[in-house]
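Please look over the aromatic side chains in this protein.

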Amino acid sequence: MEGEDHLKNTGMTRPLDTLGRIVIPKELRTSMGIQAGESLEFYLDVETGLLSMRKYIGVCCHLCYSVQDLSYFRGSFLCKKCINDLKGNIGVSQIPVPVVKEPFKEKRAYRSPSQHLVEKLRRLMREHPAAKQGEYAEWLGVSQGCISQLKKLL
């Protein structure tokens, strides 16, 4: 899968029980420093169906894990030191960015992509009322989650 080069396939599998629980293998708990009773954070990539988790570290800087002088910026906490480092480009390589000339675009009336997809979905639903959500997603070239969101706009 694209963008998952940093992930390692452990080859381990575990069944989900009737209550939706799963046992995390001891080898993984040990290597990740996870003890019984500790909290875990879950992450989901709907597009690829990848579910991942990590040991919950609480509210801390997204870059250095400090818990002092935090500010919330674009969905993440950053500490004052990291913010200052970023402002001063500390640790950032000075590679010149090439100037790219933007191609000429004709001006036209604004129409959001979601409006266009909603109209296509509405048409498909009229033509194929018995189709499943996965089929609509395949026909429109989007995820099933996207179809759910588009249905809310209908």
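How many aromatic pairs does a search of the whole structure find? The search finds two. Rings of Phe, Tyr and Trp (its six-membered ring) pair if their centres lie within 6.5 Å; planes under 30 degrees apart are stacked, over 60 edge-to-face, and the rest tilted.

## Basis of the model

This is a predicted model: local features need pLDDT of at least 70, side-chain atom pairs count only at pLDDT 80 or more, and totals for chains, interfaces and linings use all residues. Residues are numbered from 1 along each chain as its sequence is written, and side-chain values use heavy atoms, leaving out hydrogens and water.

## Tyrosine 72 and phenylalanine 77

The ring centres of tyrosine 72 and phenylalanine 77 are 5.0 Å apart, and the planes meet at 65 degrees, so this pair is edge-to-face. Tyrosine 72 is exposed, at 57% relative accessibility. Phenylalanine 77 is partly exposed, at 31%. (Buried means under 20% relative accessible area, exposed over 50%, partly exposed in between, with a 1.4 Å probe and protein chains only.)

## Tyrosine 136 and tryptophan 139

Tyrosine 136 and tryptophan 139 also pair edge-to-face, at 5.9 Å centre to centre and 75 degrees between the planes. Both lie in helix 4 (residues 133-140), three residues apart, about one turn of the helix. Helices are DSSP runs (H or I, at least four residues), numbered from the N terminus. Tyrosine 136 is buried, at 3% relative accessibility. Tryptophan 139 is partly exposed, at 41%.

## Serine 143

Serine 143 sits in the loop between helix 4 and helix 5 (144-153). Serine 143 is buried, at 13% relative accessibility.

Key:
Helices (H or I, at least four residues) and strands (E, at least two) are DSSP runs, numbered from the N terminus.
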